[in-house]
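Okay, thanks for coming, everyone.

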Amino acid sequence: VGRAVLAPRGAVHTGIVAVPLRGCSDAVVTLIADAISLTPGTLTIEVRRAPPVLFVHALDLRDVTRVQA
């Protein structure tokens with residue numbers, strides 16, 4: 001995160017990724033959303049319940065599948 005903040009303009013590739021969750025209870029979805037928000041450079045911005053999908057803002061979004069994993 002520090003490197004992204006201090007990098008020259010245009011070097012940061014941010015974006016929002018939809019992460020579908022299968023077979024998770026509301027409690028598990030909440031736990032995953034909280035864990036994502038604790039990870040530097042990511043933030044859960046929306047949670048949909050049916051079907052469970054998290055929308056995650058990523059500070060370094062060069063590979064969407066990597067962020068989804």
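This is a predicted model: local features need pLDDT of at least 70, side-chain atom pairs count only at pLDDT 80 or more; totals for chains, interfaces and linings use all residues.

What order do the strands come in? The order is β1-β3-β2, in an open sheet of three strands with antiparallel pairing. At the edges you've got β1, residues 15-20, and β2, and each of those pairs on one side only. On average, neighbouring strands of this sheet are turned by 25° against each other, ignoring direction. As a bit of background, strands in a sheet pair through backbone hydrogen bonds, and that can be parallel or antiparallel.

Now look at β2 and β3. How many bridges join β2 to β3? Six, with the two strands running antiparallel, and β3 covers residues 53-58.

Let's zoom in on Thr 44. You'll find Thr 44 in strand β2, which spans residues 42-48. Is Thr 44 buried or exposed? Thr 44 has a relative accessible area of 16%, and the cut-off for buried is under 20%, so Thr 44 counts as buried. And what does the side chain of Thr 44 reach? The backbone oxygen of Ala 33, at 3.0 Å. If we don't count residues up to four places away in sequence, Thr 44 touches Ala 33, Ile 36 and Ser 37, and also Leu 54, Phe 55 and Val 56.

Okay, on to the loop between β2 and β3. Pro 51 is in that loop, and the peptide bond leading from Ala 50 to Pro 51 is cis, with omega near -10°. Pro 52 sits in the loop between β2 and β3 too. Pro 52 counts as buried, at 16% relative accessibility. What is Pro 52 in contact with, once we leave aside its neighbours within four places in sequence? Val 19, Pro 20, Leu 21, Cys 24 and Val 29. Pro 52 and Asp 26 are 26 residues apart along the chain, and their C-alpha atoms are separated by 8.5 Å.

In general, side chains of opposite charge can pair when their charged atoms come close. How many salt bridges does a search of the whole structure find? Two.

One of them is between the side chains of Asp 26 and Arg 49, at 2.4 Å from N to O. Asp 26 belongs to helix α2 while Arg 49 belongs to the loop between β2 and β3, so this pair ties together parts that are 23 residues apart in sequence. As for accessibility, Asp 26 is partly exposed, with a relative accessible area of 43%, and Arg 49 counts as exposed at 64%.

The other salt bridge brings together the side chains of Glu 46 and Arg 48, at 3.1 Å from N to O. Glu 46 counts as partly exposed, at 36% relative accessibility, and Arg 48 is partly exposed as well, with a relative accessible area of 43%.

Definitions and conventions: Residues are numbered from 1 along each chain as its sequence is written. Side-chain values use heavy atoms; hydrogens and water are left out. Helices (H or I, at least four residues) and strands (E, at least two) are DSSP runs, numbered from the N terminus. Buried means under 20% relative accessible area, exposed over 50%, partly exposed in between (1.4 Å probe, protein chains only). A polar contact is a pair of N or O atoms within 3.5 Å; within protein, one must be able to donate a hydrogen and the other to accept it, and residues adjacent in sequence count only if both atoms are side-chain atoms. Contact means heavy atoms within 4.5 Å. Two strands pair if DSSP finds at least two bridges between them. Axes are lines fitted to C-alpha atoms, for helices over the stretch in contact, and angles run from 0 to 180 degrees between N-to-C directions. A salt bridge is a side-chain nitrogen of Lys or Arg within 4 Å of a carboxyl oxygen of Asp or Glu.
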